[in-house]
Amino acid sequence: MDKMPKWADVVLVPVVSLLLAAIISVIVFWSVGQNPWEAIKLMAFGAVGTSDFLGYTLFYATNFIFTGLAVAVAFHASLFNIGGEGQVLVGGLGAAIVCLFIPWPHWTLALLAGGMAAAVFGALWVAIPAYLQARRGSHIVITTIMFNFMASGLLVYMLSDALRPAGQMQTATAIFPEAAHLPSLNDIAGLFGSELFGRSPVNISIFIALLACVGVWLLIWHTRLGYQIRAFGQSESAAKYAGISAVNITMIALLISGALAGMMAVNNTMGINTPQLVDNAAGGAGFIGIAVALMGRNHPVGIIIAALLFGALYQGGAELSAATSIPVQIVVVIQALVIMFTGALDQMVRSPIEGLFLRFGGKGVGAPAAVKE
Amino acid sequence: MDFFTLVQLGDASIRMAIPLLLACLAGLFSERAGIFDIGLEGKMLAAAFLSAAVSYTSGNVWVGLFAGIGISIALSIVHGLASITFRGNQLISGVAINFFAAGLTVVIAQGWFAQGGRTPSLSGAARFDGLDLPGAFTRMRDKMQASPGMQFYSEFVSGHSILVYIGLLMVPLSWFILYRTRFGLRLRAVGEAPEAVDTAGISVVGLRYSAVIICGILCGIAGAYLSTAVQAGFTKDMTANRGFIALAALIFAKWRPWYALGACLLFGLFFAIDNRFQNIQLQVVWIIVLLVGASVAMVLYAVKRERIDVIVLGGLSAVLTAIALATWMGSAGEVGLAGALFETVKVPSQLIQSLPYLFVVIVLAGFVGKAIPPRAGGEPYVKER
């Protein structure tokens, strides 16, 4: 069973996958006539070069922690929630409604209520695909993709009609009242007389994201429900035999997943410098969550690391496209490569490493190499 | 609506249906062989870009078509590597291919042509023009004054690009390959019971790769059709989710070629209506009847079933009823509640644009008949257990 030590599984395999993705990205840079080394330097500087840039990286990482956790919880139940994008948008609707129509006395209460509303709206948006998967066997991947499109339609309608203040040109809600604006990390640093993170929007919800990581860790590995989710994910028939209801677990896992994705909206509505809900607020974070979950091996610690990496990539990519003619879609390409290598071609990366450990490693020698085909 | 409008609608449906049909047949070959392919979208997009780019630089649309097919096959082989050779997750591989194509087409288009992620527009021999069949009218004025039969012939039958006729021919061809050849029998078998095919001494891997490559060819034609026949050039994300809708059509068609034609024509009609009638006005009473009717139907369905059905469908019908009431109250300004029933309101254009996706969900919900996928679909084949 143990063909290689655990560190190789959780560190070496993702790192090799990442290297492969990086090599192909370098080829892409070359093919469009961009010096790869220059591009990487620009991206690295854009990601962590200044205090502002670092703040943006952390801001995006907060988003990706939420969406990564969302995808991971569903993955544990062997379900593929590709609808994070839509759930974030609808979660944003929930947060916006709560912040705009209720006068909150203090940001802590607004955070609590906004977070809950975002989570509930996100969960509700996945409820119908979840129900159709659980009861009718409709493919969750296709239905959640469809719900992404419907979510962006709903959002555009709400932002250009119901929630747009009269006379405003931008398709967005009104700016939230000051009490519903979360303090940024720069505000907090300011209390200690520091100018850290500059004007970047990274805010208090990064701690909510970390709390969510602890919550997911407890849920998946330390509760009965988490055990049921994992058992169902490993083998549906065995789980059924053990008396676990497939319908309930499918529903619950996806609702939690949707709630986590929805909670991302707290960061990108209440947390940004002008707190409001704008069109296309998710900006692809729902999809990046897939790459984050795969790279992080569906574990909260891995997800935090992967989210930081993708936060840096996203921010660095934005700076790169501002400085050169490379469009921001380069981030989508790298994201696709990471999904490919860590997700689908995992075996291609893993087998040679396993082979090396079998040949040179000490422990796993007992198993003959011929066991695998 | 006169007869000519109907003919035009049919004509538009065909044009909308062809890329769906080609992608749907592509998915059909792949899934019949047991390989789920969510990456139809990405392959079409990559083919759309490369065929437009190569058509532009070479000036010959056929060269472009083959380039498009080539890149689509290349991506198919990557999908094959992931899902056949390395036995990875087929859904994840497909998703990765979609993102890869979506990102790379824009990056490369910007790098090569520097026109904001699109190719220069194509003209002349770099583009597929409509074929005018013998005797057909080509000018709009002639068509409108012709007899109904002639209108049908000139507008609906004639005047399409050659790829439309190729696409339609693919239906009987696919049927023939799948149901009347030895290769087709084996291909279907490998999606149902790969171990049986293996026992008979036929290569599971070989069959699955051939299916995936056929899938690539068909997606390549679909993509090239979009950028060199429907449009004159590539634009960012121009496939507009057709790959996913094709998958829904495939399920709707229960993995059969002729049904696929029907399903895609239906979706094509849907898009054609969608494009033509952006501004739909409805009387409030009809909105209420529609929404409350759907709610009642869902409640009736749920009531005799399990608690989960009651919760979800009950909640959904409550939302729909609330929307109906809100519309009613909202339009009752000066005219009063009774008068408001006969006020007309504009259906939001976003809702109309979402209708095809809603329709896909309803189709997938399986209320239109039960669909049974190929038994070994999505599972990598392991020779020895």
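## Exercises on a two-chain predicted model

A:Ile334 is buried, because 25 other C-beta atoms lie within 10 Å (buried takes 20 or more other C-beta atoms within 10 Å of a residue's own, exposed 12 or fewer, and partly exposed falls in between, with C-beta atoms placed from the backbone). Before we go on: this is a predicted model, where local features need pLDDT of at least 70, side-chain atom pairs count only at pLDDT 80 or more, and totals for chains, interfaces and linings use all residues. Residues are numbered from 1 along each chain as its sequence is written, while chains are lettered from A and ligands numbered from 1 in the order in which they are written.

**Exercise 1. Find the element that holds A:Ile334 and list its contacts beyond four places in sequence.**

Step 1: A:Ile334 lies in helix α14 of chain A (helices are DSSP runs of H or I with at least four residues, strands are runs of E with at least two, and both are numbered from the N terminus).

Step 2: Leave aside the neighbours within four places in sequence, and A:Ile334 is in contact with A:Ala21, A:Ser25 and A:Leu313 (contact means C-beta atoms, placed from the backbone, within 7 Å).

Step 3: For a C-alpha check, take A:Ala22: it is 312 residues away from A:Ile334 along the chain, with 7.6 Å between the two C-alpha atoms.

**Exercise 2. Work out how domain 1 and domain 2 of chain A meet.**

Step 1: Domain 1 of chain A covers 1–26 + 325–373, and domain 2 covers 61–296 (bounds come from an automatic or database domain assignment).

Step 2: Over C-alpha atoms, the centres of these two domains are 30 Å apart.

Step 3: Count the contact. Six residues of domain 1 of chain A touch five residues of domain 2 of chain A. On the domain 1 side, helix α14 (residues 330–344) of chain A gives the largest share, five residues.

Step 4: Sort that side by type: three nonpolar, three polar and no charged residues (nonpolar is Ala, Val, Leu, Ile, Met, Phe, Trp, Tyr, Cys and Pro; charged is Asp, Glu, Lys and Arg; the others, Gly among them, are polar).

**Exercise 3. Describe the contact between chain A and chain B from the chain A side.**

Step 1: Chain A puts 47 residues into the contact and chain B puts in 45.

Step 2: Elements of chain A that give two or more residues include α1 (6–31), α5 (107–136), α6 (140–162) and α14.

Step 3: By type, the chain A side has 32 nonpolar, 11 polar and four charged residues.

**Exercise 4. Check the span of α10(B), then look at its kink and burial.**

Step 1: At 1.5 Å a residue, the 27 residues of α10(B) should span 39 Å, and the end C-alpha atoms are 38 Å apart, which agrees (the expected span is 1.5 Å times one less than the number of residues).

Step 2: α10(B) has a kink of about 25°, centred on B:Ala224 (the bend is the angle between axes fitted to the seven residues ending at a residue and the seven starting there).

Step 3: 21 of the 27 residues of α10(B) are buried, so the helix is largely enclosed by the rest of the structure.

Step 4: Zoom in on B:Gly216, which lies in this helix. B:Gly216 counts as buried because 28 C-beta neighbours sit inside 10 Å. Beyond four places in sequence, B:Gly216 touches B:Lys43, B:Ser72, B:Ile73, B:Leu75 and B:Ser76.

**Exercise 5. Place the residues B:Arg87 and B:Ala240, which have positive phi.**

Step 1: B:Arg87 is not a glycine, yet its phi is positive, about 50°. B:Arg87 is in the loop between α3 (61–85) and α4 (90–113) of chain B, and B:Arg87 is partly exposed, with 17 other C-beta atoms within 10 Å.

Step 2: B:Ala240 has a phi near 50°, a positive value in a residue other than glycine. B:Ala240 sits in the loop between α10 (204–230) and α11 (242–252) of chain B, and B:Ala240 is partly exposed, with 15 other C-beta atoms within 10 Å.

How values were computed. Contact = placed C-beta atoms within 7 Å.
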